[in-house]
Amino acid sequence: MGTCYYPEQWDFKLWRQDLKRMKACGITTVRIAEFAWNKIEPRENEFNFDFFDCFLDIAEEEQIKVIFGTPTATPPAWLTKAYPEALNCRKDGVKFCHGMRRHYNYNSPKYQELSARIVERAASHYGKRACIIGWQIDNEINCEIDEFYSESDNLAFREFLKEKYEDIDCLNQAWGTVFWNQTYNQWDEINLPGITIQNTSNPHQLLDYIRFVSESAIGFCKMQSDIIRKYKKPEDFITTNGMFGNLDNHKMMDTCYDVYTYDSYPNFAYGIGRDALHSEDLNDRKWSFNLSQVRSICPHFGIMEQQSGAGGWNTFAGPAPKPGQMLLWAMQSIAHGADYISFFRWRTATAGTEIYWHGILDYDNRDNRRLTEVAETGRRMKNISEAVGSDFEAQVALLRDYDNSWDSQIDLWHGEILHKSELEIFKASQLTHTPMDIVYLLNDTETQELRQYQVLFYPHPEIVTPEAAEVLKEYVKDGGCLILGCRAGQKQKDGQCVMEPMPGLLSALTGTSVKEYTYVGPADEEVQFEWDGKKLSAGIFNDILEQVSSESVVLGSYTGNYYAGSPAFIKNTYGKGTVLHFGGTFTEETVREILQFTGIREPYKNYMILPDGCELCVRKKDSCLYFFVLNYGRVSQEIELKKTLYDMETKENLTGTVVIEPYGVAVYRTSLE
C-alpha cells in the first residue's frame with residue numbers, strides 16, 4: 001500500500017513526521033517527483049540533486065520505498081520561454097500558455113532533447129538508490145488533452161504518413177481523396193486535421209491522425225524507458241499511470257513498461273458539480289468496466305492513484321467519499337486484479353490548481369476518518385495477502401480493438417451504438433453476477449488467447465481485418481460461441497466501406513447476410529424482436545438479416561416497423577462452435593437472455609446467491625477461489641452462501657444468510673480440491 005507524496009510542496013520539517021505517520025497506518029511506498037523538474041534543473045543545463053537526495057536519505061532511514069517519476073508532464077517556465085516550439089497548440093494554431101500541465105507536444109525535437117537530458121541526469125544519479133523500487137514515466141499520458149497541433153506535430157505527421165504509405169498515391173487511395181477533390185500530389189500539401197466548414201474532416205485522415213497521436217506518445221515514452229533501463233537496478237520496474245484516449249495502451253505497455261498502473265477515481269461516475277446526475281445506474285460500480293480494461297493491458301496491475309478524498313480543482317468539485325467508500329473502492333481495484341494500491345494523495349495541497357482535490361489528510365494535518373480508513377484498508381489487505389498474484393476468473397469476455405474504438409470517435413453512427421451496447425453488456429454481466437473480462441483483439445492475438453472464454457461478445461465491429469476474421473473463425477471452429485450485433489464487417493482498416501454485403505469477412509462464419517439496415521430514429525416506434533415467446537428491444541439500429549447457410553437457424557424476428565417478420569437473431573453452427581448474429585443493438589434485458597441461452601449466466605450460483613446491489617469478482621490461485629463481494633449501496637445487503645466458505649476477515653467458515661454492511665466488502669475462500 002502506498003501514497004503519492006510531494007516533498008517540494010511541504011516544509012522539510014514535515015518529511016520525517018509524514019513518513020512515520022504513513023508507516024503507522026500501513027503505507028510502505030511513496031511516489032514522488034513527477035512534477036518537480038525545477039528541483040533537479042532549476043535553470044537550463046544547471047543541475048542540482050541535493051533536494052531529492054535529502055528526501056531519499058530520510059526515506060531510507062525510515063524504510064519507505066520510493067517510485068520516482070520523470071518530470072516531463074510539466075516543463076518549467078524557463079524551457080517554454082526559451083523554446084516556445086515545445087508548446088502544444090489548439091486546432092486553430094494558437095499556442096497554449098504556461099501555467100497548467102501537459103502543455104507540451106511529443107514531437108518537438110527540442111523538447112525531446114531536453115526531456116531525454118533530464119531523464120538521463122535523474123536516472124544516472126538516483127538509479128542505484130536502495131529505496132527506489134520503480135520509475136514512473138511522465139504522468140497520465142494523453143490526460144487533459146489527446147490532440148496535438150503544433151508545427152512539430154504537423155511535420156511529424158507527414159513523416160508518419162510517408163513511412164506508412166511510402167507512395168502518396170497509396171495514401172490518396174486509403175483516404176479516398178477523390179471525394180470532394182482532396183487529392184494530394186506532394187507530402188508537404190498534407191496538414192494535420194484543421195478547422196473546416198461544419199468542423200469535420202476526412203474520416204480516413206482522422207483515423208490515421210489518431211494512430212499518429214498514439215505512436216507519438218509511445219515513442220516519447222520509449223525514449224524515456226530506454227534511458228532509465230541503462231541506470232536502474234535490475235529488480236526495479238518501469239511503469240506509467242493512467243489509461244487515456246487516442247492511445248494504444250497495450251502497445252505502450254509492451255513497448256515501454258514492466259507493469260501498468262491506473263488512476264482510479266470512482267466518484268467521477270457520479271458526475272462533476274452541483275448539476276451532476278445521481279442516478280441509480282451503477283454509478284461508482286461502473287469503474288469496474290475501466291478496471292477490466294486495465295486488466296486486459298496488464299493482468300496484474302497497480303493503482304498509482306486511488307481516490308481518497310473529494311475530487312476537485314479550482315474549476316470544479318465533487319463530493320467526499322462516504323464512510324466505507326475508500327475501502328470499498330480500494331477493494332474494487334484489488335478484486336479486478338490490482339496487487340498494489342497507492343492513495344492520492346497524502347495531504348491536500350494548500351496552493352495551486354488542485355486545492356480541492358483532497359488527499360488522505362486535510363489542510364489542518366490532523367488525523368481524520370480517512371486516515372483511519374486507510375489503516376483499515378491496510379489491515380484488510382494483509383488479511384487477503386495470500387490472494388496476491390491470483391488471476392481474475394471469467395468465462396465470458398467483451399471483445400474490443402483499437403481500430404473500432406477509434407473509428408467510433410469519428411463515426412457518429414458507430415459511436416452511438418458501440419458505447420451504448422458495451423455499457424448494456426457490462427450492466428447485464430454485473431447484475432447477473434457473471435464476471436466478465438475485456439479482451440482486445442490485437443495484431444498479434446492468437447486463437448489460444450480466446451479459447452479460455454466460452455462466450456465472446458463483439459458487439460459492433462464495423463472494421464474487420466482478414467487477420468481478425470481468421471482468429472475468430474478458429475475460435476468458433478474450436479468450440480467457442482461468438483456473439484455479434486448490427487453493422488459488423490462494414491469497413492476495412494482504413495475506414496472505407498466495403499462493396500459487399502455485411503457482415504463482410506465474417507459472413508461465412510455467421511451464415512448470414514444483411515439485406516437492408518436502418519437507424520431507429522427518435523420519432524420511430526420502438527422496434528422489438530420476438531425470441532422464445534419473449535418480446536425484447538431491438539435497440540437503436542437494426543440490420544435486416546437473411547440466412548445464407550444451411551447450418552443457420554432463425555431464433556428471433558422483428559415485430560415492428562416495415563421489416564416486421566424479418567429475421568433479427570440468427571444462430572449458425574460453424575465447426576464445433578456457434579455464432580449468434582443479432583441485427584440490433586444490445587440492451588441489458590437482451591444480454592441477460594443471451595447469457596442464459598448460452599449457459600454461462602451466474603456461473604457461481606452454486607456457491608452464493610447475491611442481490612443486484614452487490615458485485616461479484618472471482619480470483620483464482622492454484623486450487624483456491626477467492627470471492628470478492630462488494631456492496632455499493634447505502635443500505636445493507638443479504639447474501640446467501642450455498643456452500644461453506646472461509647471468511648478471510650472473520651476467519652470463520654460460514655454458510656447460509658450473511659449481511660454485507662453499507663459500502664461493505666467480504667472476501668471468501670474455497671478450495672477446489
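**Helix packing and the open sheet**

In this predicted model, the axes of helix α1, residues 12–24, and helix α3, residues 50–61, approach within 10 Å and cross at roughly 30°. Because angles under 35 degrees count as roughly parallel, α1 is described as roughly parallel to α3. The crossing of these two helices, α1 and α3, is right-handed.

Which residues of α1 and α3 meet? From α1 they are F12, W15, R16 and L19, and from α3 they are F51, C54, F55, I58, A59 and E61. Sorted by class, this contact of α1 with α3 comprises eight nonpolar and two charged residues, with no polar ones.

Let us turn to the sheet. Nine strands make up an open sheet with mixed pairing, and their order is β13-β12-β14-β15-β22-β21-β20-β17-β18. At the edges lie β13 (436–440) and β18 (534–537), each of which pairs on one side only. From one strand to the next, the twist averages 25°.

Within this sheet, β14 (residues 455–458) pairs with β15 (residues 481–484) in the parallel sense, over four bridges. The bridge partner of Y458 is L484 in β15. Helix α18, residues 588–598, packs on the sheet and touches several strands, including β14, β15 and β18; the direction of α18 makes about 125° with that of β18.

Finally, a single residue. M223 belongs to helix α8, residues 203–231. Beyond its neighbours within four places in sequence, M223 is in contact with Q112, S115 and A116. M223 and C256 are 33 residues apart in sequence, with a C-alpha to C-alpha distance of 8.5 Å.

How values were computed
Residues numbered from 1 in each chain as written. Predicted model: local features only at pLDDT ≥ 70, side-chain atom pairs only at ≥ 80, totals over all residues. Heavy atoms only, no water. Contact = heavy atoms within 4.5 Å. Axes fitted to C-alpha atoms, helices over the stretch in contact; angles between N-to-C directions. Parallel < 35°, antiparallel > 145°, perpendicular 65-115°, else oblique. Left-handed = near helix turned anticlockwise from the far one by under 90°. Nonpolar A, V, L, I, M, F, W, Y, C, P; charged D, E, K, R; others polar. Pairing = 2+ DSSP bridges.
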